[in-house]
Amino acid sequence: NLNWDKSHLIELLDRRIDFLVKEQYTTKTVTHKDILPRPIEDKPAIEYFLDRTMMRPRDIILFFNICLSYAEGRPTITKDTLLQAEGEYSRARLRALADEWFADYPDLLDFALTLKKSPRSFRLNEFDDNLLGEYCLNQVASKDKELKGIVVFANEFMESRISVGVFKRILFGVFYRIGLVGLKTDGHLKVSWSFEGVRPAISSPEISESTKVYIHPGFWRVLGVHDR
């Protein structure tokens, strides 16, 4: 398995920036420090960039390319340009995630929308069971008889074969697996992200009502996620 850390991704981005900018504007070496804006939300712009990726080259290249398209040929990317590009990047990443996992979860995009307008982080027992039930009912009613993906478990929930608590553990287990959310199952542990590959993956039985959920920053804009 290939693993990328921050230093690898920054080096990759710097090489890309150096090639693209040097070709048009200068002969000296250019890095992200020359082209990205000043700190955003009290952190370096490159950290803001990386936080919105799943630590993969494709993510950071996509984000950077969208930033360049919004920069309109200027040699630097302003804070306003970056924030504007982030909206398009966020929408693109959610669509790409749905495509990537379509074989296993063809209804992923539908159920991801249950997170719309959620706080950036919350405990599972704070997730509205009644709204989730209404959403599951609408999804089950709108599908064909041959159910596949998350809606299979939503149907079991609607038929009272599993409880809402079990369904939530299954749903957020899927969200964790695909990288949409990170989970913190115990207060003394760090937030776990499935794409980090450092710790064993969290299984559904390990998820409880007290588990804390963190929506990935890359999807904040498309889901309208807010700071509590």
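What follows is a walk through selected helices and loops of this structure. The model is predicted, so that local features need pLDDT of at least 70 and side-chain atom pairs count only at pLDDT 80 or more, while totals for chains, interfaces and linings use all residues. Residues are numbered from 1 along each chain as its sequence is written, and side-chain values use heavy atoms, with hydrogens and water left out.

Leaving aside residues up to four places away in sequence, S90 touches G218, F219, W220, R221 and V222, where contact means heavy atoms within 4.5 Å.

Helix α5 also packs with helix α4 (residues 57–71), at an angle of about 140 degrees and with the axes 9 Å apart; the axes are lines fitted to C-alpha atoms, for helices over the stretch in contact, and angles run from 0 to 180 degrees between N-to-C directions. That angle makes α4 oblique to α5, given that angles under 35 degrees count as roughly parallel, over 145 as roughly antiparallel, 65 to 115 as roughly perpendicular and the rest as oblique. From α4, the residues that meet α5 include L62, F63 and I66, and among those they meet in α5 are L82, A85 and Y89.

Further along, helix α8 (residues 150–158) has I150, V151, A154, N155 and F157 as its buried residues. Seen down the axis of α8, these fall within an arc of 160 degrees, so they line one face of the helix; the arc is that of the directions from the helix axis to the C-beta atoms. The partners against which the buried residues of α8 pack are α6, α7 (129–142) and α9 (164–178). Just after α8, S160 takes a positive phi of about 60 degrees.

Positive phi values also occur in two loops. E41, in the loop between α2 (32–35) and α3 (45–51), has a positive phi of about 50 degrees although it is not a glycine, and E41 is partly exposed at a relative accessible area of 48%. K117 lies in the loop between α6 (108–112) and β1 (121–123); K117, likewise not a glycine, has a positive phi of about 60 degrees, and with a relative accessible area of 67% K117 is exposed.

Methods:
Helices (H or I, at least four residues) and strands (E, at least two) are DSSP runs, numbered from the N terminus. Buried means under 20% relative accessible area, exposed over 50%, partly exposed in between (1.4 Å probe, protein chains only).
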